[in-house]
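Colleague: I have not looked at this one before. Can you take me through it once it is on screen?

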Amino acid sequence: MLPLEEERVRRQGLGREAVDLLFVTVGTQADAPTLALLGTPARRVVTLHTSGSGECYAQRAVQRAGLAPLVAIPREIGDGRDPLRLYRTVREEWERAGRPERVAVDLTSGFKAMSTAA
């Protein structure tokens with residue numbers, strides 16, 4: 001079922017204008033981040049992962065979405081319970097990218113999403 005969903009989301013994403021910078025949180029699976037990457041075309045992507053989830057799921061999502069490694073930048077944000085660390089990381093990457101106007105943040109699930117909502 002997931003390959004069909006990935007293809008559906010990929011087709012929807014093709015009709016959208018690319019954002020300059022996309023932030024995608026990654027937890028302990030690659031499915032939701034893959035869909036976020038497919039559905040939101042971006043010139044540059046920053047994947048945010050915790051020390052517990054590790055970078056491997058971010059790499060899997062990037063590979064499944066067919067992104068070039070140079071387009072996707074992985075960033076660890078500690079254990080995911082500190083919303084200020086998440087905000088600082090987003091700001092740092094936004095500034096590093098030249099402060100683009102077209103930015104999207106996908107908060108899919110897990111500690112990162114709960115911390116950000118706090």
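Colleague: Is R88 buried, exposed or partly exposed?
Modeller: R88 is partly exposed, with a relative accessible area of 44%. Buried means under 20% relative accessible area, exposed over 50%, and partly exposed in between, using a 1.4 Å probe and protein chains only.

Colleague: What does the R88 side chain meet in a salt bridge?
Modeller: D82, at 3.9 Å from N to O. A salt bridge here is a side-chain nitrogen of Lys or Arg within 4 Å of a carboxyl oxygen of Asp or Glu. D82 is partly exposed too, at 35% relative accessibility.

Colleague: Where do these numbers come from?
Modeller: This is a predicted model, in which local features need pLDDT of at least 70 and side-chain atom pairs count only at pLDDT 80 or more, while totals for chains, interfaces and linings use all residues. Residues are numbered from 1 along each chain as its sequence is written, and side-chain values use heavy atoms, leaving out hydrogens and water.

Colleague: How many salt bridges does the structure hold?
Modeller: It holds 13. One of them joins R11 and E7, with the closest N and O atoms 3.2 Å apart. R11 and E7 are separated by about one helical turn, because they are four residues apart in helix 1. Helices are DSSP runs of H or I with at least four residues, strands are runs of E with at least two, and both are numbered from the N terminus. R11 is exposed at 58% relative accessibility, whereas E7 is partly exposed at 31%.

Colleague: Which side chain meets E93 in a salt bridge?
Modeller: R75 does, at 2.6 Å from N to O. This pair links distant parts of the chain, since R75 is in strand 3 and E93 in helix 4, 18 residues apart. E93 counts as buried, at 1% relative accessibility.

Colleague: What else does E93 touch?
Modeller: Leaving aside residues up to four places away in sequence, E93 touches L21, F23, R44, V46, I73 and R75. A contact means heavy atoms within 4.5 Å. There is also a network of salt bridges linking R44, R75, E92, E93 and R96.

Colleague: Changing topic, how many residues has the largest nonpolar core?
Modeller: It has 15, and V19, L22, V24, L37, A42 and V45 have the most contacts inside it. Strand 1 (21-26), helix 2 (31-39) and helix 3 (56-65) each give two or more residues to this core. A second, separate core of six residues includes L21, F23, V46 and L48. A nonpolar core is a set of buried Ala, Val, Leu, Ile, Met, Phe, Trp, Tyr and Cys residues joined through side-chain atoms within 4.5 Å.

Colleague: Back to V45, what does it touch?
Modeller: L22, L37, L67, V71, A72 and I73, not counting residues up to four places away in sequence.

Colleague: And which residues of helix 3 are buried?
Modeller: A58, A61, V62 and A65. Seen down the axis of helix 3, these fall within an arc of 100°, so they line one face of the helix. The arc is taken from the directions from the helix axis to the C-beta atoms. Their cover includes helix 1 (2-14), strand 1, helix 2, strand 2 (45-49) and strand 3 (72-76).

Colleague: What happens just after helix 3?
Modeller: G66 takes a positive phi of about 75° there.
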